[in-house]
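Today I open a new model and keep a notebook beside it. I look up one place at a time and write down what I find.

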Amino acid sequence: MPPATLSVQKAVEVEHTKHAGEKQSPAESSDAAVSVTANFSRYHHKMSTDVIVQDGILANWSSAVRQVLPKDSLLSNNYLITDAIVDELYGEHVLSEMKKADLKVFKLVIPAEACDESGESSAEMHKTLGVLSWVIDQVLEHGIDKHSCIVSLGGGVVNNLCGFLASTLYRGISLVHITTTMMGQADAAIDFKQAVNHSKGKNLVGAYYPAKAVVCDPATLTTLSDRHILNGLSECIKHALTQSEDLLDFILAGVHDLHDTSFLERVVSLTVQHKAPTLTNYHDSDFNEICPQYGHAIGHAVEHISWAEGRGPALLHGEAIAIGMCASAEIARLSGYCSQRVVDLHYEVFQRVGLPVYLPSNIGLDECVDKLTYDKHYVRAKATMGFVVEVGEMYVDEITGKYGVAIEDDLLKRGLEMNIKRRISQTGA
């Protein structure tokens with residue numbers, strides 16, 4: 001790797017039109033030429049993550065953990081971080097297995113609710129800067145070095161929080177995810193994106209940072225409710241709608257038994273295999289950003305609003321994204337990108353597996369559009385979204401080659417109105 005480079009540019013000489021000691025006006029001084037004094041750069045290390053999908057791997061974790069963690073971390077202080085719900089299920093077992101493998105490891109537990117606003121167990125309300133700060137304090141108090149590794153044990157909340165944690169400590173230490181939910185295994189942990197929530201929106205504070213490995217054990221999914229499995233399955237269906245009709249057929253054929261680990265292992269493996277190329281080839285085409293974000297612009301807004309105090313049952317991430325994908329299909333049809341048949345298929349698929357498809361009646365159209373302005377893809381007063389043309393195929397502009405489409409608020413509202421009209425015609429509310 002070449003050393004950092006330093007280039008110095010000769011300052012541009014500026015002709016002085018004033019006598020020595022005579023002051024320039026602010027307007028005159030602002031016209032002075034700007035010169036670069038120096039420039040420095042360096043080649044950044046490659047971001048790379050191994051994904052291990054193996055049913056039962058945690059049962060004998062002591063025999064695998066030393067192969068999964070970075071070699072440099074084996075003699076350092078390492079941190080197993082989980083939430084209160086997952087800790088009761090797997091925390092002590094995973095900790096004892098790591099110690100059995102002669103690793104130095106401390107366990108930290110963040111709060112989680114047995115039953116939160118969604119009616120399910122979740123740590124979502126604790127995916128905050130405040131909790132992150134507490135974890136940082138605990139890690140620094142126990143001690144780390146540059147080879148220490150953060151091992152997350154839990155679902156997408158714990159994975160995301162620990163990813164951001166690892167990116168900040170010592171400006172970056174090693175990271176391994178053990179993800180125990182369908183959402184984590186199918187989507188949340190399979191990324192370089194690490195973040196916590198902010199009062200203004202979801203995942204607004206974070207970093208791009210790679211885990212060395214992501215470990216997915218489908219056996220952990222058997223303890224989840226059907227709703228939590230469907231929560232992650234929504235992201236699998238997203239990749240099916242945007243990339244693979246075969247994947248969609250496989251999901252629909254096996255969805256009758258949500259606790260069949262062979263089915264879940266295969267679905268997770270296929271989804272990861274479809275998502276991984278979008279991460280590897282990220283800069284080759286905006287498809288690799290737009291595809292994984294299908295339905296998320298609207299979905300994130302709906303999800304965040306649903307968690308506001310007094311709103312009633314909150315939506316899980318995958319539930320909100322299912323609604324977002326159905327509304328996106330409505331916008332695609334209004335834009336002439338897809339047929340009514342494709343729109344209807346969206347609703348049929350999500351209703352068949354048991355996911356919501358309509359904007360909730362207690363969320364207003366205008367507040368949904370307003371919340372959407374905090375989305376990272378809301379640029380120059382327009383939401384940027386991707387659309388499905390046919391199952392397995394996304395719309396692409398033939399001239400620009402771009403998959404992302406800037407949408408006017410008026411069109412966005414019309415699409416949501418179509419979703420609401422369908423809801424009223426089907427449910428009467």
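**Entry 1: a leucine in a helix.** I began with L95, which is buried because its relative accessible area is 9%. L95 sits in helix α3, residues 84-100. Helices (H or I, at least four residues) and strands (E, at least two) are DSSP runs, numbered from the N terminus. I then listed what L95 touches, leaving aside neighbours within four places in sequence: L80, V105 and K107. Contact here means heavy atoms within 4.5 Å. I also checked I81, 14 residues from L95 along the chain; the two C-alpha atoms are separated by 10.0 Å.

**Entry 2: what kind of model this is.** The model is predicted, so I note its rules: local features need pLDDT of at least 70, side-chain atom pairs count only at pLDDT 80 or more, and totals for chains, interfaces and linings use all residues. Residues are numbered from 1 along each chain as its sequence is written, and side-chain values use heavy atoms, with hydrogens and water left out.

The pLDDT is the predictor's confidence in each residue, from 0 to 100. The protein chain averages 90, and 91% of the residues score at least 70. Over residues 1-22 the pLDDT is below 50, and this stretch has 22 contacts in the model beyond near neighbours in sequence.

**Entry 3: two residues with positive phi.** I looked at D102 next. Its phi is near 65 degrees, a positive value in a residue other than glycine. D102 lies in the loop between α3 and β5 (104-110). Is D102 buried or exposed? D102 counts as exposed, because its relative accessibility is 63%.

Y170 also has a positive phi, about 50 degrees, and is not a glycine. I found Y170 in the loop between α5 (156-168) and β7 (174-179). Y170 is partly exposed, because its relative accessible area is 49%.

**Entry 4: a serine in a loop.** S148 belongs to the loop between α4 (129-142) and β6 (149-154). I checked its surface: at 0% relative accessibility, S148 counts as buried. What does S148 touch, not counting residues up to four places away in sequence? I wrote down S73, S76, N77, N78, I173 and S174. A polar atom of the S148 side chain also lies 3.0 Å from the backbone nitrogen of D145.

**Entry 5: an aspartate and a lysine.** D187 is in helix α6, residues 182-188. D187 counts as buried, because its relative accessibility is 10%. Its side chain makes a polar contact of 3.5 Å with the side chain of K238. A polar contact is a pair of N or O atoms within 3.5 Å; within protein, one must be able to donate a hydrogen and the other to accept it, and residues adjacent in sequence count only if both atoms are side-chain atoms. Not counting residues up to four places away in sequence, D187 touches E235, K238, H239 and K275.

**Entry 6: another leucine.** L315 lies in the loop between α11 (296-306) and α12 (317-334). At 11% relative accessibility, L315 counts as buried. Beyond four places in sequence, L315 touches several residues, including R227, W307, I323 and P360. V302 is 13 residues from L315 in sequence, and their C-alpha atoms are 8.1 Å apart.

Entry 7: I needed definitions first. On a 1 Å grid over the protein atoms alone, a cavity is a set of points where a 1.4 Å probe fits but cannot get out; a pocket is an open set with protein on both sides within 12 Å along at least five of seven lines; lining residues have an atom within 4 Å of a point. Grid points are joined across faces, edges and corners, and a volume is the space filled by probe spheres set on the points.

The second largest pocket has a volume of about 470 Å³. Its lining has 19 residues, and M47, F192, A276, L279 and T280 lie nearest its centre. Which helix gives the most to this lining? Helix α9 (residues 261-280) does, with four residues.

I counted two cavities of 30 Å³ or more. The second largest cavity holds about 40 Å³. Its lining is D191, K193, K275, L279, Y282, N288, E289 and P292. Helices α9 and α10 (287-290) are the elements that give two or more residues to it.

Note on methods:
Buried < 20%, exposed > 50% of the residue type's maximum accessible area, 1.4 Å probe, protein only.
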